[in-house]
Amino acid sequence: AGARAIKTNTFGLGAELAQGNEALAGELIAAASRLALEAAAPYGALVFADLGPVPGDSPRDPGELFIRQAERFLRAGVTHFLAETLSNGEGLAALAAWLGERCPGAFLIASFAVGPDGFTREGLPGRALLEEAAALPGVDAVGLNCMSGPHHLLSLVRGLRLGDTPLSVMPNAGYPTVLGRRTVYQGTPDYFARQMVQILRAGASIVGGCCGTTPEHIARLAALLREEHIPRPAPAPTAAPAP
């Protein structure tokens with residue numbers, strides 16, 4: 001569809017590790033990494049390890065749980081990381097420091113989930129979280145994903161001041177409607193693509209989609225970037241994992 005990067009299907013593994021399911025988490029990370037790397041290879045696309053949020057009631061340290069996942073991803077050959085849908089910044093500093101020592105060529109995006117009001121589920125302001133994460137050594141990009149559609153995330157990113165840290169924005173396709181047992185997002189590919197172009201012009205340098213986005217949404221965005229002559233940087237070389 002034109003994506004330059006995909007992520008592993010491992011969003012919920014923080015919960016598995018928090019419950020002590022180490023063996024299962026390891027098997028899933030190995031399988032997910034293999035499948036994503038195989039799918040991305042013919043297109044020269046990057047693969048990002050998907051690190052979902054750590055459950056709030058977990059007695060284990062968030063940084064420890066992030067690191068335990070990252071260690072397994074490095075073994076599987078994945079050196080790009082997306083810590084996403086975060087409600088706070090807990091564990092990010094520890095993860096960034098560990099990656100800096102273990103795999104200096106790793107790339108880490110810290111992405112927070114905020115509602116249309118700009119606050120996370122824990123009531124923390126998204127702008128402040130972005131600024132704090134951008135200041136952490138070893139965090140290569142910061143961003144927003146999930147909970148909001150492109151219209152509200154466009155409003156939130158305007159005027160952001162993050163220095164030289166790249167901004168990533170991956171909204172939902174729109175807002176959900178529940179039909180029976182299905183959750184359906186009404187945002188069309190054309191609407192999504194037009195909004196994402198505006199987000200790029202507002203300062204984002206990494207864009208993608210979260211809940212409800214489909215290959216059609218990504219294909220329309222890629223086509224519109226070509227039509228609007230907006231440069232698409234080539235993927236950075238993938239670093240070799242440290243032993």
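Predicted model: local features only at pLDDT ≥ 70, side-chain atom pairs only at ≥ 80, totals over all residues.

How many helices and strands does the protein have? I counted eight helices and nine strands.

**Entry 1: the whole protein**

I looked up the overall dimensions next. The C-alpha atoms fill a box of roughly 45 × 45 × 40 Å along the principal axes. For 243 residues, a compact globule would have a radius of gyration near 18 Å, and the protein has 17 Å, which agrees. I also checked burial, and 46% of the 243 residues count as buried.

Then I turned to contacts. Among those in the protein with a separation of 6 or more, 75% are between residues 24 or more positions apart.

**Entry 2: a visit to α2**

I picked helix α2, which runs over residues 22-40 and has 19 residues. From its first C-alpha to its last, α2 reaches 27 Å, close to the 27 Å expected at 1.5 Å a residue.

Which residues of α2 are buried? I found A25, I29, A32, S33, A36 and A40. They cover an arc of only 105° around the axis, so they sit on the same side of α2.

What do these buried residues pack against? My list reads β1 (5-7), α1 (13-18), β2 (46-51) and α3 (62-75).

Methods. Residues numbered from 1 in each chain as written. Heavy atoms only, no water. Helix = DSSP H or I, 4+ residues; strand = E, 2+ residues; numbered from the N terminus. Expected span 1.5 Å × (residues − 1). Buried < 20%, exposed > 50% of the residue type's maximum accessible area, 1.4 Å probe, protein only. Arc of directions from axis to C-beta. Contact = heavy atoms within 4.5 Å. Rg over C-alpha atoms; globule rule 2.2 N^0.38 Å.
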